[in-house]
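Here is a short tour of the structure shown below. Take a moment to look it over, and then we can go through its charged pairs and a helix contact together.

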Amino acid sequence: MNREAAEDMAIKGLSFLAGDDERLSRFLALSGLDAVHLRQAAAEPGFLAGVMAYLASDEGLLLAFAAQIGAAPEEVGAACGLLAGPGFD
């Protein structure tokens, strides 16, 4: 996996969250964002890493996302690690 593929997966992750009101509401609440500023936040460095970390933090969410995009959960974890950079556990 390269950075471009990881970023593409993170964008899919954001779409996955945005496709369900409950998922999106929880993400926004935990991230401190609101829907009005989501697009602006998405342009910030580290945002995509945050999306992936959020998905990886909940096993059920991770599995649902991986299934929806046809990826193994380990691929999602690899993308998360790549975007998070050195020190990701």
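## Salt bridges

A salt bridge here is a side-chain nitrogen of Lys or Arg within 4 Å of a carboxyl oxygen of Asp or Glu. Keep in mind that this is a predicted model. With that cut-off, the side chains of Asp8 and Lys12 qualify, with an N to O distance of 3.5 Å. Across the whole structure, the search turns up 2 salt bridges. Another pairing joins the side chains of Arg3 and Glu7, at 3.2 Å from N to O.

## Where the pairs sit in H1

Helix H1 covers residues 3-18, and in it Arg3 and Glu7 lie 4 residues apart, so about one helical turn separates them. Asp8 and Lys12 are likewise 4 residues apart in H1, which means a separation of about one helical turn.

How accessible are these side-chain partners? Arg3 is partly exposed, at 44% relative accessible area, and Glu7 is partly exposed too, at 29%. In the other pair, Asp8 counts as partly exposed at 38% relative accessibility, as does Lys12 at 41%.

Note on methods
Residues are numbered from 1 along each chain as its sequence is written. This is a predicted model: local features need pLDDT of at least 70, side-chain atom pairs count only at pLDDT 80 or more; totals for chains, interfaces and linings use all residues. Side-chain values use heavy atoms; hydrogens and water are left out. Helices (H or I, at least four residues) and strands (E, at least two) are DSSP runs, numbered from the N terminus. Buried means under 20% relative accessible area, exposed over 50%, partly exposed in between (1.4 Å probe, protein chains only).
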